[in-house]
Amino acid sequence: NKVAQSVGFYYMANAVGRLAGTLGSGAIYTYGAEDKGHALGYCMIAACCSAAIAALLMIPIDDDGAGMRCFCVKCPLRRQPEASSQ
């Protein structure tokens, strides 16, 4: 049940992010600048800002119980110590 809930949350967050990105970039491109070349640049700047905000929102997440840690460089999945067979 926990896995299904996590997968459902992932798909919901993905859909909301895509919708917000589509609407936001469309509004920026349409109303952002009179020159459409500049408007495309504004869309790219907004995308970089969105990625930076998402990264900042991830900092406090610590999901050690599920086997993952945010910004773990060594290994994204925690390995369980093997039991010695002595």
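**Notebook: C43 and its chain**

I started at C43, which is buried, with a relative accessible area of 13%. Buried means under 20% relative accessible area, exposed over 50%, and partly exposed in between, with a 1.4 Å probe and protein chains only.

I noted what I was reading: this is a predicted model, where local features need pLDDT of at least 70, side-chain atom pairs count only at pLDDT 80 or more, and totals for chains, interfaces and linings use all residues. Residues are numbered from 1 along each chain as its sequence is written, and side-chain values use heavy atoms, leaving out hydrogens and water.

**Around C43**

I placed C43 in helix α2, residues 36-58. Helices (H or I, at least four residues) and strands (E, at least two) are DSSP runs, numbered from the N terminus. I then looked up which residues C43 touches. Leaving out residues up to four places away in sequence, they are S25, I28 and Y29. Contact here means heavy atoms within 4.5 Å. I also checked G24, 19 residues from C43 along the chain. The C-alpha atoms of the two are separated by 8.4 Å.

**Other cysteines**

I searched for disulfides, meaning pairs of cysteine sulfur atoms within 2.5 Å. The structure holds zero. C48 is exposed, with a relative accessible area of 57%.

**The whole chain**

I counted two helices and zero strands. Of the 86 residues, 5% count as buried. The chain exposes about 7,700 Å², and carbon and sulfur atoms supply 65% of that area. Accessible areas come from the Shrake-Rupley method with a 1.4 Å probe; for residues, only the protein chains shown count as cover.

I found Y10 in helix α1, residues 2-31.

**Confidence**

I looked up pLDDT, the predictor's confidence in each residue, from 0 to 100. The chain's mean is 76, and 70% of its residues reach 70 or more. I marked residues 73-77, where pLDDT stays under 50. For that stretch the model has five contacts beyond four places in sequence.
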